[in-house]
Amino acid sequence: LIILYARYYLSADEKAGRFYAYLLLFMGAMLGVVTSDNLLLLVVFWELTSLSSFLLIGFWSHNSGARKGARMALTVTGLGGLALLAGVLLIGQVVGSYSLGEALASGDAIRASGLYPLILCLVLLGIFTKSAQFPFQFWLPGAMAAPTPVSAYLHSATMVKAGVFITGRFWPIMAAHLHLWPSIIVPLGAFTMVYGAFVAIQKTDLKKIFAYTTVSQLGLLMCMYGLAAYKYG
């Protein structure tokens, strides 16, 4: 539907082929994040979503706001991806394998490791940057300078949910620790939720409203993952 929408959104003189190439690159990267069973491959696809997002946000390169938003998004999510890579490398060191299935089955060993607090912080840093959680929520409104199909697909829906997805995917590894997990996720998620909603009601630009309501709902989802640890952890 987004591709169909973009067909009628882009003007005749714009480079539609390049736009669709970037968009399909992002789609492939997101599918890789969702389906990868290898942790290192997951991180590669994770970073590809940041790269393709950068290309799509900056598609209108004549727009200074688009260039600035693209650089900001790449910087924040790219550095967060490096933190996630470090966390994944430590998981591999503890488990002895980079298979996601083996890591999920070794949750007790990871939580018993002295490296667990560092692993948790690094993984959550990657998640928070990608899903625009406080204090990294500032990059998402700037990303709305992208063409509207990009904003609708990446930054109001798909890309920003990658962090939420990884939170759920890594649940068996991380969430059973009833001290560290909720004490980090719940307050930051709750603050992000309230902050995003508060700022959204003050905006009059539709894209800004979408940006901050997206931030708010992402905060709600992360907060729920934190609170659920008390019941299912």
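Predicted model: local features only at pLDDT ≥ 70, side-chain atom pairs only at ≥ 80, totals over all residues.
Helix α12, which runs over residues 180-200, has as its buried residues Trp181, Pro182, Ile185, Val186, Gly189, Thr192, Gly196, Val199 and Ala200. An α-helix has 3.6 residues a turn, so residues three or four places apart point the same way. The length of the helix can be checked as well: at 1.5 Å a residue, the 21 residues of α12 should span 30 Å, and the C-alpha atoms at its ends are 30 Å apart, which agrees.

| Residue | Location | Relative accessible area |
|---|---|---|
| Ala132 | loop between α7 and α8 | 0% |
| Thr192 | helix α12 | 0% |
| Tyr212 | helix α13 | 12% |

With a relative accessible area of 12%, Tyr212 falls under the 20% cut-off and therefore counts as buried. Tyr212 belongs to helix α13, residues 206-232, and, leaving aside neighbours within four places in sequence, Tyr212 is in contact with Pro141, Tyr195, Gly196, Ala197, Val199, Ala200 and Lys203. The C-alpha atoms of Tyr212 and Leu125, which are 87 residues apart along the chain, are separated by 20 Å.

Which residues does Thr192 contact, leaving aside its neighbours within four places in sequence? The partners of Thr192 are Ala132, Gln133, Phe134, Val215, Ser216 and Gly219.

Most residues other than glycine have a negative phi, and most peptide bonds are trans. Ala132, in contrast, has a positive phi, near 55°, and the peptide bond from Phe134 to Pro135 is cis, with omega near 10°. Pro135 is placed in the loop between α7 (116-130) and α8 (139-143), and Ala132 lies in the loop between α7 and α8 as well.

A further packing arrangement involves helix α1 (residues 2-9) and helix α9 (residues 148-158), whose axes come within 9 Å and cross at roughly 165°. Because angles over 145 degrees count as roughly antiparallel, α1 and α9 are roughly antiparallel to each other, and α1 passes α9 in a right-handed crossing. The contact is made by Ile2, Tyr5, Ala6 and Tyr9 of α1 together with Thr148, Pro149, Ala152 and Tyr153 of α9, and these residues divide into 7 nonpolar, 1 polar and no charged.

Definitions and conventions
Residues numbered from 1 in each chain as written. Heavy atoms only, no water. Helix = DSSP H or I, 4+ residues; strand = E, 2+ residues; numbered from the N terminus. Expected span 1.5 Å × (residues − 1). Buried < 20%, exposed > 50% of the residue type's maximum accessible area, 1.4 Å probe, protein only. Contact = heavy atoms within 4.5 Å. Axes fitted to C-alpha atoms, helices over the stretch in contact; angles between N-to-C directions. Parallel < 35°, antiparallel > 145°, perpendicular 65-115°, else oblique. Left-handed = near helix turned anticlockwise from the far one by under 90°. Nonpolar A, V, L, I, M, F, W, Y, C, P; charged D, E, K, R; others polar.
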